[in-house]
Amino acid sequence: MKKLTCIIFLGAALNLLASTLYAQTWKEGILKDEFIFEKTSFPESHAATIAETSGGLIAAWFGGTKERNPDVGIWTSRLVNDKWTAPVEVANGIVNDTLRYACWNPVLYQIPKGDLFLFYKVGPNVAGWKGYIITSKDQGKSWSKPKALPKGFLGPVKNKPVLLANGELWCPSSTEGNGWKVHFEVTSDFGKTWRKVGPINDGKTINAIQPSILMHNNGDLQILCRSKNRSIAESWSRDNGKTWSEMELTDMPNNNSGTDAVTLKDGRQLLAYNHVKTPELEKKGSRTPLNIAVSKDGENWEAALVLEDSQISQYSYPSVIQSADGMVHVVYTWRRERIKYVKIDPAKLKTKPVKDELWPK
């Protein structure tokens, strides 16, 4: 009897050891995890963006005493010799000697073999902000004077533009007055002329903003959006953006906070987001944890990474790109105090299906 008991105990111990050794840590594939800066002259940072230039990576965000305050400007840092340079303010909202507005939501975009674009907004609030752009010819070391976008154009509102095969640069944008609505601002000559597509939803059935554009192998375009409807919203185009399907909710939760997504070179779609559903009757959900999921078709998602899971403060507004060497780069808000950078090898991700909106155990 004692021998049988020992065998049973040993078997249980081995099973426990095996489960410990092979448990999903949700960190497989992360190559680097670091702060872009430790201490700065400004106490708050938010809404980061990242791009790859011929000189390496560059990140930008807005920083100041507090979101909406007039002293909030746009700051940048470059990855040089594997270290992030000290933050530099490259844009502000100074109108004249007595008037200054806050800056908001920068978006970086590198024109292939051309200038580096930095879009941003200036205004007293979201309803009153205006779109601006500055450009760099030296990978973000120096910048042009600010130029206002045409009246009624904001540029990409949070997430990066996408260059289509026909040469059109599609900037995903949105407005928050009279319902949250998604539209696109399109340029075929890299900013000399613009046209607008949309809005593509009425802002009543589904309130959606801050879209990301994904490209599928068959030519379809897909957008994933932040929403007030407790789930990530989506729409599809089968004709290069001319028309879009009715906005629908996906099976992925949303906490009414910003997301971002990118189409990988291997055809998979990668989504950075908070895997949190806004509680019923609440306006917003918690901004933790911060997650990465991947999908082969943009509809069925698999859990891949947990970037942050502390219950202290918030981890939000991710921005994600894939560089020429195949690595994935993510920047995001860390507790509104700093900007975090994570480098990921997408070939090393270990995934499990997301079912019923639940992150797998």
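## The largest pocket

Let's start with the largest pocket, which has 32 lining residues, with Tyr-109, Gln-110, Pro-161, Ile-321 and Gln-322 lying nearest its centre. Two or more lining residues come from each of β2 (44-53), β7 (102-110), β11 (162-163), β15 (208-215), β19 (260-263) and β23 (315-322). Strand β2 gives the most, with four residues. By class, the lining holds 17 nonpolar, nine polar and six charged residues. Here Ala, Val, Leu, Ile, Met, Phe, Trp, Tyr, Cys and Pro count as nonpolar, Asp, Glu, Lys and Arg as charged, and the others, Gly among them, as polar.

The volume of the largest pocket is about 810 Å³. For the search, a 1 Å grid is laid over the protein atoms alone; a pocket is an open set of points with protein on both sides within 12 Å along at least five of seven lines, a cavity is a set where a 1.4 Å probe fits but cannot get out, and lining residues have an atom within 4 Å of a point. Points are joined across faces, edges and corners, and the volume is the space filled by probe spheres set on them. Rolling a probe the size of a water molecule over the atoms shows where empty space is left.

## About the model

This is a predicted model, in which local features need pLDDT of at least 70 and side-chain atom pairs count only at pLDDT 80 or more, while totals for chains, interfaces and linings use all residues. Residues are numbered from 1 along each chain as its sequence is written, and side-chain values use heavy atoms, with hydrogens and water left out.

## The second largest pocket

The second largest pocket has a volume of about 510 Å³. Its lining is made of 24 residues, and Glu-67, Arg-68, Glu-176, Arg-226 and Lys-284 lie nearest the centre. The elements giving two or more residues to this lining are β2, β7 and β15. Sorted by class, the lining divides into seven nonpolar, five polar and 12 charged residues.

One of the residues nearest the centre of this pocket, Arg-68, also has a backbone feature to look at: a positive phi of about 85 degrees, although Arg-68 is not a glycine. Arg-68 sits in the loop between β3 (56-64) and β4 (73-80).

## The chain as a whole

The protein chain contains one helix and 26 strands, taken as DSSP runs numbered from the N terminus (helices H or I, at least four residues; strands E, at least two). Its radius of gyration is 21 Å, close to the 21 Å that the globule rule gives for 361 residues, so the chain is as compact as a globular protein of that length. That radius is taken over C-alpha atoms, and the rule is 2.2 Å times the number of residues to the power 0.38. Along the principal axes, the C-alpha atoms fill a box of roughly 90 × 45 × 45 Å.

Of the 361 residues, 54% count as buried (under 20% relative accessible area, with exposed meaning over 50% and partly exposed in between; 1.4 Å probe, protein chains only). The accessible surface comes to about 17200 Å², and 53% of this belongs to carbon and sulfur atoms; areas come from the Shrake-Rupley method with a 1.4 Å probe, and for residues only the protein chains shown count as cover. Among contacts with a separation of 6 or more, 49% are between residues 24 or more positions apart, where contact means heavy atoms within 4.5 Å.

Glu-248 belongs to strand β18 (residues 248-253) and is partly exposed, at 48% relative accessible area. Leaving aside neighbours within four places in sequence, Glu-248 is in contact with Ile-206, Ile-232, Ala-233 and Glu-234.

Lys-196 lies in strand β14 (residues 195-197) and is partly exposed too, with a relative accessible area of 39%. Beyond its neighbours within four places in sequence, Lys-196 is in contact with Gly-152, Phe-153, His-183, Phe-184 and Glu-185. Lys-196 and Phe-153 are 43 residues apart along the chain, with 8.1 Å between their C-alpha atoms.

## Backbone details

Most residues other than glycine have a negative phi, and most peptide bonds are trans. Asn-256, not a glycine, has a positive phi of about 60 degrees. Asn-256 is placed in the loop between β18 and β19 and counts as buried at 4% relative accessibility.

The peptide bond from Gly-198 to Pro-199 is cis, with omega near 15 degrees, and Pro-199 is in the loop between β14 and β15. Thr-288 and Pro-289 are also joined by a cis peptide bond, with omega about 5 degrees; Pro-289 lies in the loop between β20 (269-273) and β21 (290-295).
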